[in-house]
Amino acid sequence: MSLAYKFRRAERLLKQMDPADQSSLLHICNEIREAQAALLSAAEKQMKRCIDHCAGICCRNIELDPIISHWDLVFILTLAPQIRSRARECLLKEDLLYRTDCVFLQKGKGPCIFPGTLRPEVCVTTFCQSARPIRHEIQRVKRKYKRLYWFVVWRRTRSRLRTVARAVTTVCSRFDNTA
């Protein structure tokens, strides 16, 4: 599945979401951002090594599909809708057949176009050295992403249940008015 497809799917999902779900989604995404901020704060040493020593090698010659998910794009577009047009431009560089550098690197070299606490899950939870000292923070970010996943998966069911509840309320009020 291409990133462009995942991106369009995330945009469509956000457009179709009702206001109650949008509010809940915003809350969940803010929790992910807070968890990412806590992780980045705790992983200062690991991030310094990534920047100084590795120079973002993990963003080069990669398969993007397993790294950036639909859920990552929902998260990013929810909290940073202003990135939408810039991300679309980056997606034009996507090569589906070969491993490439991440399309979201500025000028093809970096840094990432996404702000520090609005990065895809794999990008923020993967380190090239021991992550043992920060495993609790990593697990917290992963749990928050799972919550986002289940929230979106159950969105249609919640919407249908609300529709049924409104219909039942309407029918009950009609019976109350006739009695």
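**Briefing: side-chain pairings and core**

E11 and R88 form a salt bridge in which the closest N and O atoms are 2.4 Å apart; the term denotes a side-chain nitrogen of Lys or Arg within 4 Å of a carboxyl oxygen of Asp or Glu. E11 belongs to helix α1 and R88 to helix α5, so this pair ties together parts that are 77 residues apart in sequence. The structure is a predicted model, in which local features need pLDDT of at least 70 and side-chain atom pairs count only at pLDDT 80 or more, while totals for chains, interfaces and linings use all residues. Residues are numbered from 1 along each chain as its sequence is written, and side-chain values use heavy atoms, with hydrogens and water left out.

**Salt bridges**

- Six salt bridges are found in a search of the whole structure.
- A salt bridge also joins the side chains of R84 and E11, at 2.9 Å from N to O. R84 is part of helix α5 and E11 of helix α1, so the pair connects parts 73 residues apart in sequence. Helices are DSSP runs of H or I with at least four residues, numbered from the N terminus.
- E11 is buried, at 11% relative accessible area, whereas R84 is partly exposed at 23% and R88 is partly exposed at 40%. Buried means under 20% relative accessible area, exposed over 50%, and partly exposed in between, using a 1.4 Å probe and protein chains only.
- Through shared partners, salt bridges join E11, R84 and R88 into one network.
- D65 forms a salt bridge with K6, their closest N and O atoms lying 2.7 Å apart. This pair links distant parts of the chain, with D65 in the loop between α3 (44-54) and α4 and K6 in helix α1, 59 residues apart.
- K6 is buried at 6% relative accessibility, while D65 is partly exposed at 34%.

**Aromatic pairs**

- Four aromatic pairs are found in the whole structure. Rings of Phe, Tyr and Trp (its six-membered ring) pair if their centres lie within 6.5 Å; planes under 30 degrees apart count as stacked, over 60 as edge-to-face and the rest as tilted.
- W71 and Y149 make an edge-to-face pair, with 4.9 Å from centre to centre and 85° between the planes. W71 sits in helix α4 (residues 70-79) and Y149 in helix α7 (residues 135-153), so the pair ties together parts 78 residues apart in sequence.
- W71 is buried, with a relative accessible area of 18%, and Y149 is partly exposed at 32%.
- Y149 also pairs edge-to-face with W150, at 4.9 Å centre to centre and 75° between the planes. W150 is partly exposed, with a relative accessible area of 44%.
- W71, Y149 and W150 are linked into a cluster by ring pairs.

**Nonpolar core**

- The largest nonpolar core holds 47 residues, of which L25, L39, I68, F75, F104 and L148 touch the most other members. Such a core is a set of buried Ala, Val, Leu, Ile, Met, Phe, Trp, Tyr and Cys residues joined through side-chain atoms within 4.5 Å.
- Two or more residues of this core come from each of α1 (3-16), α2 (19-42), α4, α5 (84-91) and α7. The most come from α4, which gives seven residues.
- Leaving aside neighbours within four places in sequence, I68 is in contact (heavy atoms within 4.5 Å) with L3, K6, L73, C102, F104 and P120.
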